[in-house]
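Take a moment to look over the chain from one end to the other. The paragraphs below walk through its parts in turn.

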Amino acid sequence: MSTNNNNNKEILALPATAEETVQVDVNDTYKLKELGPVVVNEDGSISRINNWHEMADIEKSNVNRILLKRNRQRLERLKKAEQDKNSV
């Protein structure tokens, strides 16, 4: 690793190769429960909840229930807006 002359701090580098690799098939599906549920934003973009891993089980359950309903509503609204735009 090299150092920066301005402040003599060591510059961190990524490892040359991963310690563990996983072979996957194109048609394989994986559930990423540890990352938490997907949030559909108003503009149609998606995100995740940053503090999911810190939540208690009851909080996770409540968030899942609320997000399921809200995501469905947002997706329906976005689909309707897209259909209206295409029909004009």
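**The helix and its surroundings**

Start with helix α1. Its 31 residues should span 45 Å at 1.5 Å a residue, and its end C-alpha atoms are 45 Å apart, which agrees. The expected span of a helix is 1.5 Å times one less than its number of residues. Helices (H or I, at least four residues) and strands (E, at least two) are DSSP runs, numbered from the N terminus.

A word on the source. This is a predicted model, in which local features need pLDDT of at least 70 and side-chain atom pairs count only at pLDDT 80 or more, while totals for chains, interfaces and linings use all residues. Residues are numbered from 1 along each chain as its sequence is written, and side-chain values use heavy atoms, with hydrogens and water left out.

Now the whole protein. It holds one helix and two strands. From the N terminus on, the order is β-β-α. Of its 88 residues, 12% count as buried. Buried means under 20% relative accessible area, exposed means over 50%, and partly exposed lies in between (1.4 Å probe, protein chains only). The protein exposes about 8400 Å², and carbon and sulfur atoms supply 51% of that area. Accessible areas come from the Shrake-Rupley method with a 1.4 Å probe; for residues, only the protein chains shown count as cover. Contact means heavy atoms within 4.5 Å. Among contacts with a separation of 6 or more, residues 24 or more positions apart account for 32%.

Next, the inside. Which residues of α1 are buried? They are Val63, Leu67, Asn71 and Arg74. These buried residues pack against β1. Two of the residues, Val63 and Leu67, also belong to the largest nonpolar core. A nonpolar core is a set of buried Ala, Val, Leu, Ile, Met, Phe, Trp, Tyr and Cys residues joined through side-chain atoms within 4.5 Å. In soluble globular proteins, nonpolar side chains tend to be buried together. Valine 63 is in contact with Pro37, Ile49, Trp52 and Met55, leaving aside its neighbours within four places in sequence.

Follow the helix to asparagine 71. This residue lies in helix α1. Asparagine 71 counts as buried because its relative accessibility is 11%. Leaving aside neighbours within four places in sequence, asparagine 71 is in contact with Val38, Val39 and Val40.

Valine 38 is found in strand β1 (residues 38-40). Its relative accessible area is 32%, so valine 38 is partly exposed. Not counting residues up to four places away in sequence, valine 38 touches Ile46, Ser47, Arg48, Leu67 and Asn71. Valine 38 and asparagine 64 are 26 residues apart in sequence, and their C-alpha atoms are 9.5 Å apart in space.

Then come the charged pairs. A salt bridge is a side-chain nitrogen of Lys or Arg within 4 Å of a carboxyl oxygen of Asp or Glu. By this rule the count comes to four. One of them joins the side chains of glutamate 42 and arginine 74 (3.3 Å, N to O). This pair links distant parts of the chain: glutamate 42 is in the loop between β1 and β2 (46-48), arginine 74 is in helix α1 (residues 57-87), and they are 32 residues apart. Glutamate 42 counts as exposed because its relative accessibility is 52%. Arginine 74, at 12%, counts as buried.

Glutamate 42 also meets arginine 77 in a salt bridge (3.4 Å, N to O). Glutamate 42 lies in the loop between β1 and β2 and arginine 77 in helix α1, so this pair ties together parts that are 35 residues apart in sequence. Arginine 77 is partly exposed, at 46% relative accessibility.

Another salt bridge joins aspartate 84 and lysine 80, with the closest N and O atoms 3.2 Å apart. Both residues lie in helix α1, four residues apart, about one turn of the helix. An α-helix has 3.6 residues a turn, so residues three or four places apart point the same way. Aspartate 84 is partly exposed, with a relative accessible area of 38%.
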